[in-house]
Amino acid sequence: MGLKQKMHELKLKYQGKKMAPAFNAFHTFLFTPDETTHGGTHVKAVDDLKRTMNTVIMALVPCLIFGIFNAGYQHYSALNGFPENFSLFEHFINWDNFILGATTVLPLVIVSYGIGLIVEFIFAVIKGHEVEEGYLVTGMLVPLIVPVDTPLWMLAIAVVFGVVIGKEVFGGTGMNILNPALTIRAFLFFAYPTWMSGDKVWVHGAVERSNEIAAGANLDAISGETVLGFLAQGNTQEMYAKFDLAEMFYGFIPGSVGETSTLLILLGGLFLIFTKIASWRIMLSAVVGALAMGLIFNGVVEAGWIQDYSKFYELMRFDFWKHLIVGGLAFGIVFMATDPVTGSQTNKGKWIYGFLIGFISVMIRVFNPGYPEGVFLAILLMNVFAPTIDHYVVQGNVKKRMKRLKNATIYPKTTEGSAEELKAETV
Amino acid sequence: MALLSKKDANLILDPLADNNPITIQVLGICSALAITAELKASVVMSIAVIFVLGVGNVVISLMRNIIPSKIRIIVQLIVVATLVIIVDQVLKAFAYELSKTLSVFVGLIITNCIIMGRFEAFALGNGPWKSFLDGIGNALGYGVILIIVGFFRELLGSGTLFGFPVLGDPIEKTGLYATGYENNGFMIIPPAALIVVGIIIWVQRSRNKALIEEA
């Protein structure tokens, strides 16, 4: 028994004290609690919050591992040139890539979880409630949606901001309006734009190298331009020379740590749909929304309403379905838009909510002057509108049923008079 | 305070904390968001509002028995507008550089809800001395919040205070910047002011539970 017994005794010792939530959290983190509920009837279900969160994390692990290898692959390829005949095991899954990726990505994960859980613990102790599981998924999402070279202190500040302002002020897990992980990313984006956009931050070492060059070192600059970055500057030819479609789909392209591999995101998404954790309605409608906006832009180019000197031309001309395999759109749709707390709750609402996320994402991606991506902004915007959508869906349903009730013939129908009375009572 | 009776002193002290126009009554938010990116602008704005609200309250209070109630809003507007123009002209005469950046905001004092609010709520029903104290008190309460917000926004957003670089030079990488610190661009944009004001409200309410409304 040993440790478990000791933890249990510690917990009993601190019961009712100020630090009780902290001890409880450690205890339940390591072991199943040995209390049982007293009195009343309870339904016991296995899919509690902890199980839900763990399932999402399982779906994220492939993206994280891929991100670790990709960080190394992008770095060495930028230094030594991309391999001619790419072979997965020779060029991608090797120790060099893994070691470099692990030393750059794992610190992000550790800072994200460490700082986030400290904030959660402090709030649990102050408010005297249990430490909530809410940060488990957020802490995993955050390192996957930031550039690989994000300074750790910036990430720490952003995590504190995101957890406190994005979640705790609204009452903690389950009460937040905005997705905390995206709040953290939005904070980073607006606070430190030079570290969140441009062609240097997506590949490890590029910023350092450009600083050395600025200081007078005789070195070649590393460019880590993303697919969308090339398009925003109108260099479509150059982009296709560097990346082909398969690379975009499998994810061997620069980008935020875990967002590049559409294949693994797709697998994660299918896993979440299969386990019924995430809503397939939101995912499907978001894909449809993105395709619709992409088609509109393609149509605008086709119709000749925009000339090729326009700065939006190349982004608009980008084939509509390719929007799905570049940038953070796939990752956002699968793991962020489906957040059950901040998304729409009603089925019809989920269709509208998802569609608008896809639609607005591609719109912002094309028209954003500073940065050719907008998934996080689109999802945050729709998070704000999700309750409004739900309200109108529910009201619409109420109205429909009232109308049905009004026109209903109510039995038993003995005489005209009593039927009228009955109807008046029910309505 | 021997100078003021306890009741009179409360007219000044209440708006500083427990009845603060910004954090409790949530008035005058617009200017609190717009001008607090720099501490200097916050201070000048505070002084201007202290003058306008102090003098304006006295003027309205003196006229309170002769203003027909149907046109009182127009009369109040004229009083504010006159005082704001005086402030603007004084700034132009004695601090021209400052007035160039601030004159837009000084003009906006007219629309500051605190001023019309105090005219309506206090000066129309009280004597000149009490109105004067109330005006000064509310303007000070407004100014305190403006200066706190301006302090944090300028320090974190630009690394300066009153334009003086306190954290080192971000381009030469001296001082704190040598360690890799960078200015927080988020603090420059107006939404940051909303969040800072929100945090002040949060701190104030957790210190004084009586301020929390019933849900």
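**Exercise 1.** Determine what percentage of the residues in chain B is buried, and describe the extent and make-up of this chain.

*Solution.* In this predicted model, chain B has 215 residues, of which 34% are buried. Next, consider extent: the C-alpha trace of chain B spans about 65 × 45 × 35 Å along its principal axes. The secondary structure of chain B comprises eight helices and two strands. Read from the N terminus, the order of these elements in chain B is α-α-α-α-α-α-α-β-β-α. Finally, take the contacts in chain B between residues at least 6 apart in sequence: 74% of them join residues at least 24 apart.

**Exercise 2.** Classify the relative orientation of helices α3 and α7 of chain B from their packing angle.

*Solution.* Step one is the geometry. Helix α3 (residues 39-63) of chain B packs against helix α7 (residues 128-158) of chain B at an angle of about 165°, and their axes are 8 Å apart. Step two applies the cut-off: angles over 145 degrees count as roughly antiparallel. Therefore α3(B) is roughly antiparallel to α7(B). Step three is the handedness: α3(B) passes α7(B) in a right-handed crossing. The contact of α3(B) with α7(B) consists of 17 nonpolar, 11 polar and two charged residues.

**Exercise 3.** Carry out the corresponding analysis for α7(A) and α8(A), and identify which residues meet.

*Solution.* Helix α7 (residues 152-166) of chain A and α8(A) pack at an angle of about 130°, with axes 8 Å apart. Because of that angle, α7(A) is oblique to α8(A). The crossing of α7(A) and α8(A) is right-handed. On the α7(A) side, the residues are Met154(A), Ala158(A), Val159(A), Phe161(A), Gly162(A), Val163(A) and Gly166(A). They meet Pro180(A), Thr183(A), Ile184(A), Phe187(A) and Leu188(A) in α8(A). By class, the contact of α7(A) with α8(A) has nine nonpolar residues, three polar and no charged.

Definitions and conventions. Residues numbered from 1 in each chain as written. Chains lettered and ligands numbered in written order. Predicted model: local features only at pLDDT ≥ 70, side-chain atom pairs only at ≥ 80, totals over all residues. Axes fitted to C-alpha atoms, helices over the stretch in contact; angles between N-to-C directions. Helix = DSSP H or I, 4+ residues; strand = E, 2+ residues; numbered from the N terminus. Parallel < 35°, antiparallel > 145°, perpendicular 65-115°, else oblique. Left-handed = near helix turned anticlockwise from the far one by under 90°. Nonpolar A, V, L, I, M, F, W, Y, C, P; charged D, E, K, R; others polar. Buried ≥ 20, exposed ≤ 12 C-beta atoms within 10 Å, placed from the backbone. Contact = placed C-beta atoms within 7 Å.
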